[in-house]
Amino acid sequence: MKSVVCINGGTATDSYNKLLTRYIASRYSTTIEWSEPDIMALPLILANGDNNQSVAVTDFLKAVASADAVVIATPEYNNATTAGIKNALDWCSFAPYPLSDKPTLLMGASTGTLGTVRAQQNVREILQSAMLSPRLVNPPEILLGHANTKFDDQGNLMDHQTLSLIDEAMHKLIQMIEV
């Protein structure tokens, strides 16, 4: 079974990104071992380089390094990704560079019409750093807009177009793992 670590920037208990990733984890539970560390437990990284790695940081980096692939689920706040996602990616930008060449899928859910298109563009720019450099699944893009209308009361994704995109993206992610 392949392992996937999800870096989820949703902080609300009723986060649509958490709802989306829980649904995906359940949908692929027979082929993927899914974990979702709490990135809000990571201390803010310090620009001066005085970054003592706490247990939360060490465990997070170990999880990313040992995973076969990574999924990044980003909400969109003020046309960008969240501070939690940025901080988690900053922690990944130090040796041994756990995201380097790692198969990675980017997605996001929001109540807006455009989904998380701006936040995902922001994350793509961050991931272009030489210290990060994952192998991104692209296309398809998973930009779940109007997320408040796409799930039933049990948390099942009811949007068939998005389901088709997710299946295609997950298939590509699994193929990238096997290469």
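This is a predicted model: local features need pLDDT of at least 70, side-chain atom pairs count only at pLDDT 80 or more; totals for chains, interfaces and linings use all residues.

The chain has 5 helices and 6 strands, and if you trace it along the sequence you get the pattern β-α-β-α-β-α-β-α-β-β-α. With a radius of gyration of 15 Å, close to the 16 Å from the globule rule for 179 residues, the chain is as compact as a globular protein of that length. Along the principal axes, its C-alpha atoms fill a box of roughly 45 × 35 × 25 Å. Some 47% of the 179 residues count as buried. Now look at contacts between residues at least 6 apart in sequence: 79% of these join residues at least 24 apart.

Next, find helix H3, residues 83-91, and helix H4, residues 117-127. Their axes come within 11 Å and cross at roughly 15 degrees. Angles under 35 degrees count as roughly parallel, so that is what we call H3 relative to H4. The crossing itself is right-handed.

So which residues of H3 and H4 meet? On the H3 side they are Ile85, Lys86 and Leu89, and on the H4 side Val123, Ile126 and Leu127. Sorted by class, this contact has 5 nonpolar residues, 1 charged and no polar ones.

H4 isn't the whole story for H3, though. The buried residues of H3 are Gly84, Ile85, Asn87, Ala88, Leu89 and Trp91. Besides H4, these buried residues pack against strand S1 (2-8), helix H2 (55-66) and strand S3 (69-73).

Key
Residues are numbered from 1 along each chain as its sequence is written. Side-chain values use heavy atoms; hydrogens and water are left out. Axes are lines fitted to C-alpha atoms, for helices over the stretch in contact, and angles run from 0 to 180 degrees between N-to-C directions. Helices (H or I, at least four residues) and strands (E, at least two) are DSSP runs, numbered from the N terminus. Angles under 35 degrees count as roughly parallel, over 145 as roughly antiparallel, 65 to 115 as roughly perpendicular and the rest as oblique. A crossing is left-handed if the near helix is turned anticlockwise from the far one by less than a right angle, and right-handed if clockwise. Contact means heavy atoms within 4.5 Å. Ala, Val, Leu, Ile, Met, Phe, Trp, Tyr, Cys and Pro count as nonpolar, Asp, Glu, Lys and Arg as charged, and the others, Gly among them, as polar. Buried means under 20% relative accessible area, exposed over 50%, partly exposed in between (1.4 Å probe, protein chains only). The radius of gyration is taken over C-alpha atoms; the globule rule is 2.2 Å times the number of residues to the power 0.38.
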